[in-house]
Amino acid sequence: MAQKFDASIRDSQGTHVEPINVENFDLDEYAEYEESLLERNRKFFEEDKSGLLVYRRVRADGVFYDKCRDFKESLALQLGALKASMQYKADIANFLEPWYGIGYIAASFGADYVWEKDQAPSVKQPFTTAEEILNADYKPIAETEIGKHILNMEEYFLEKTKGKLPISFCDIQAPLNMLSYLLPVTGLFMEIYDDPDSVKEASELTTTLLIDFLKKQQELLGDTLARPGHGFASSRAFKGAGMSDDNSIMIKSDDYIDLFRESDEKIGETFGGTVYHSCGVWEGKIDMVKGMKHITAADGAFSIQTDPSPNNPEVFAPEFSGSGIILNARAVGTCEESFPVFEKLWTPETKLIAVTYCKDPKDQEMLYDKLHVMADR
């Protein structure tokens, strides 16, 4: 039977873990584990022209839903994920994330979160045109209740873990995505044609607000900061800001280049690298992504168990081979199911991070070993 995406699962990339209160978590053990991996992370990022690392992401169920409301509960679940991750053979350590939704930009313009039962927070877009955004009052994200919550969560994580564990930025949304939290996405797409100048100016405004907020996080987190963050394999040895830019695949590349690319590049210039993510199939945007200034990495889903519309590895392999751009490739499935995906992505001139989701640690070890044998041939 052909594989298919299981829509009955709340999080196809999630792992059930037992929460661990920080008092019962061995901070030094995990710090030593992370430290043992940092040099190979640094060499891969800074020196290697090609190569392969394996990352077994452990997403604790609930952290990216309603469990983000409570600092203590979120941290306990994430510590459970860190502990569980050590069972899986990998080259990159998992990290803590101050996840509290993705609507923080809307808070700058007076919007607040809507909490549906057992769901992640959402926002109701307060505007109908880009011009309304430009004429509205706003304040820095850090001065909003949502922004304060994120910064307070980071402070709480730092205090409770004594600064010993890696912590990422909040979930970074690219300027185009952020605009879709300010006005309905269908209206935004119409504005791209009806009033592109205002859209570009609004993109620049959201970029300024985001950069200011990320700088505050960077200053707060200091040397605990793991980058590029959220859905990307992240490390204290890496650089860049990982941005969700899902809406970019729904507009023409020329419109993205004219209106939004400069904003994305400004974020990348500020934080040491432009790092691109989009859900779904973005094969048709590869040239657009490779053309970004400061592009250091890009992310995609490559198995049907990961995304209902996965990318074709045979399209990506020649495009990223020799580019120097790290491909963060996610493939949910067993060793038997996911190895062929990574095998199709791999060339000796590729910089590949194989993001795996094997349920069984022994299966993960088998996949890890096969991947490194493949890369070492």
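Glutamate 29 is partly exposed, with 33% relative accessible area (buried means under 20%, exposed over 50% and partly exposed in between, using a 1.4 Å probe and protein chains only). The model is predicted, so local features need pLDDT of at least 70 and side-chain atom pairs count only at pLDDT 80 or more, while totals for chains, interfaces and linings use all residues. Residues are numbered from 1 along each chain as its sequence is written, and side-chain values use heavy atoms, with hydrogens and water left out.

**Salt bridges**

- The structure holds 17 salt bridges, each being a side-chain nitrogen of Lys or Arg within 4 Å of a carboxyl oxygen of Asp or Glu.
- In general, side chains of opposite charge can pair when their charged atoms come close.
- Glutamate 29 pairs with lysine 83 in a salt bridge, with 3.2 Å between the closest N and O atoms. This pair links distant parts of the chain, as glutamate 29 belongs to helix H1 (residues 27–46) and lysine 83 to helix H2 (residues 71–85), 54 residues apart. Helices (H or I, at least four residues) and strands (E, at least two) are DSSP runs numbered from the N terminus.
- Lysine 83 is partly exposed, at a relative accessible area of 38%.
- Glutamate 97 forms a salt bridge with arginine 57, where the closest N and O atoms are 4.0 Å apart. Glutamate 97 sits in the loop between H2 and helix H3 (104–108), and arginine 57 in the loop between strand E2 (51–56) and strand E3 (59–60), so the pair ties together parts 40 residues apart in sequence. Both glutamate 97 and arginine 57 are buried.
- Glutamate 265 and arginine 261 also meet through their side chains in a salt bridge, at 3.6 Å from N to O. These two residues are separated by about one helical turn because they are four residues apart in helix H10 (residues 261–271).
- Glutamate 265 counts as buried at 9% relative accessibility, whereas arginine 261 counts as partly exposed at 22%.
- A network of salt bridges links Glu39, Arg42, Glu46 and Glu47.

**Largest pocket**

- The largest pocket has a volume of about 910 Å³. On a 1 Å grid over the protein atoms alone, a pocket is an open set of points with protein on both sides within 12 Å along at least five of seven lines, a cavity is a set where a 1.4 Å probe fits but cannot get out, and lining residues have an atom within 4 Å of a point. Grid points are joined across faces, edges and corners, and a volume is the space filled by probe spheres set on the points.
- Its lining has 39 residues, and Arg59, Ile102, Asp171, His230 and Cys279 lie nearest the centre of the pocket.
- By class, 15 lining residues of the largest pocket are nonpolar, 15 polar and nine charged. Ala, Val, Leu, Ile, Met, Phe, Trp, Tyr, Cys and Pro count as nonpolar, Asp, Glu, Lys and Arg as charged, and the others, Gly among them, as polar.

**Cavities**

- There are three cavities of 30 Å³ or more in the structure.
- The largest cavity has a volume of about 110 Å³. It is lined by 13 residues, with Arg57, Val58, Phe64, Gln78 and Phe95 the closest to its centre.
- H2 gives the largest share of the lining of the largest cavity, three residues.
- The lining of the largest cavity divides into eight nonpolar, two polar and three charged residues.
- The second largest cavity has a volume of about 80 Å³. Its lining includes Phe45, Pro228, Ala233, Phe238 and Ile353.
- Strand E8 (295–301) and strand E9 (326–331) each supply at least two residues of the lining of the second largest cavity.
- By class, the lining of the second largest cavity has nine nonpolar residues, two polar and one charged.

**Two buried loop residues**

- Alanine 233 lies in the loop between strand E5 (225–226) and strand E6 (241–244), and counts as buried at 3% relative accessibility.
- Alanine 233 and aspartate 91 are 142 residues apart in sequence and 10.0 Å apart in space, C-alpha to C-alpha.
- Leaving aside neighbours within four places in sequence, alanine 233 contacts Tyr55, Ile92, Arg227, Pro228, Phe238, Asn328 and Ile353, where contact means heavy atoms within 4.5 Å.
- Serine 278 lies in the loop between strand E7 (274–277) and helix H11 (286–290), and counts as buried at 0% relative accessibility.
- Not counting residues up to four places away in sequence, serine 278 touches Asp245, Asp246, Ile249 and Asp299.
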